[in-house]
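Subject: Structure for you to look at

Dear colleague,

I am handing over the structure we spoke about, and I would be glad if you could look through it alongside the notes below.

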Amino acid sequence: MQCIYALVQSKDDSLEKQEKFLKVSIENMYVLYLLILSLLVELHRLAEKYVTHAPKKYVSTEEDHYPNPEKFIKNRLLLQISNNRLLQEALSKRKLNNWYLNEEYVKILYKEIVASDIYKNYMTNGHDSYEDDREVVLQLFKSIIAPNEKIYEYFEDDKLTWVDDIPIVNTYLVKRLKKTNESTSEGFFLPELLKDEQDMVYANELLVKTLLNDAKWENEIEGKTPNWDNDRIAEIDSIILKMAICELLNFPTIPEKVTLNEYLEIAKEYSTPKSSIFINGVLDKLAKEYKADGRLQKIGRGLR
């Protein structure tokens, strides 16, 4: 969707450029995932630094009065991530030392973390289990790290396209972390960018077929929006509709329900509540029409 939107905005009709942009966008999304994961590593390192230097302090702090001041730095999930050799290799290969060069962001986050009730409850609850360690990391990530405005601004300044990727990557990372346990392998934290080569083929094919048949999809939308001028349909809504129509008619192995649900979720994420209702209504009408006239051809068990 980003590629198509970029093409529309730039008025550039070079399909080759957009195909290249698609590949770069996918790689950049993975880089963002690595940077967010490495942020947890740097937070753990900073915590270690503070705890190690604690005995040399002259003024007592709240940290010194916890039953086990080292509980956070011994968090099992954080240790799995911090000691992950594959992660370090991936960061080194891409020369991703962003947080080392911008340590102030790590310090801002760490300060918020240790001041939070989530952290204080964890440090005093007396529990000692992997489940407790995992839960505090998830809570801190969802409540403090992911919503942090400074981190968001940093990513936005680094790469503008990351603004759209941040919610997707954060959600993916949370789902990933929820599945961890004490025996989780290092490789689990570094999933493949694409499940297989077929994923890239699908993404590229969707991009090409959506762009090359733009006028055709425009006509499909016109027929189902009698009360709307095309000029009144927001650009992003128009792109979502065209991609959905293209997938419905050109990808027979993808179930109709999967396509409709997928693009409804995209509409909820990128459009207004009114727009998502509008998009849902248009796609529902089109799917019924395609089924009735035989254009909606799905193959495989359970597909229709």
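What follows is a short account of the aromatic pairs, the charges over rings and the salt bridges. Please keep in mind that this is a predicted model.

Aromatic pairs

The structure contains 12 aromatic pairs. One of them joins Y33 and Y172, whose ring centres are 5.8 Å apart and whose planes meet at 65 degrees, so this pair is edge-to-face. Because Y33 belongs to helix α2 (residues 15-53) and Y172 to helix α10 (residues 162-178), the pair ties together parts that are 139 residues apart in sequence.

Another pair, that of Y105 and Y154, is tilted, with 5.0 Å from centre to centre and 50 degrees between the planes. This pair also links distant parts of the chain, since Y105 is in helix α6 (residues 103-115) and Y154 in helix α9 (residues 149-158), 49 residues apart. Y105 counts as buried at 18% relative accessibility, and Y154 is buried with a relative accessible area of 10%. Both tyrosines belong to a cluster in which ring pairs link W99, Y105, Y154, F155 and W162.

Charges over rings

Elsewhere, the charged end of R176 is placed over the ring of F188, 4.1 Å from its centre.

Salt bridges

The count of salt bridges comes to 18. In one of these, R76 and D128 have their closest N and O atoms 2.8 Å apart, and the pair links helix α3 (residues 76-82), where R76 lies, with the loop between α7 (117-124) and α8 (130-145), which holds D128, 52 residues apart. R76 is partly exposed, with a relative accessible area of 24%, while D128 is exposed at 63%. These two residues are part of a network of salt bridges that links R76, D128, D133 and E182.

A further salt bridge is that of K291 and E256, at 3.2 Å from N to O. With K291 in helix α15 (residues 273-292) and E256 in helix α14 (residues 256-270), the pair ties together parts 35 residues apart in sequence. Here K291 is partly exposed, with a relative accessible area of 37%, but E256 is buried at 9%.

Notes: Residues numbered from 1 in each chain as written. Predicted model: local features only at pLDDT ≥ 70, side-chain atom pairs only at ≥ 80, totals over all residues. Heavy atoms only, no water. Phe/Tyr/Trp six-rings, centres within 6.5 Å; stacked < 30°, edge-to-face > 60°. Helix = DSSP H or I, 4+ residues; strand = E, 2+ residues; numbered from the N terminus. Buried < 20%, exposed > 50% of the residue type's maximum accessible area, 1.4 Å probe, protein only. Lys NZ or Arg CZ within 6 Å of the ring centre and 35° of its normal. Salt bridge = Lys/Arg side-chain N within 4 Å of Asp/Glu carboxyl O.
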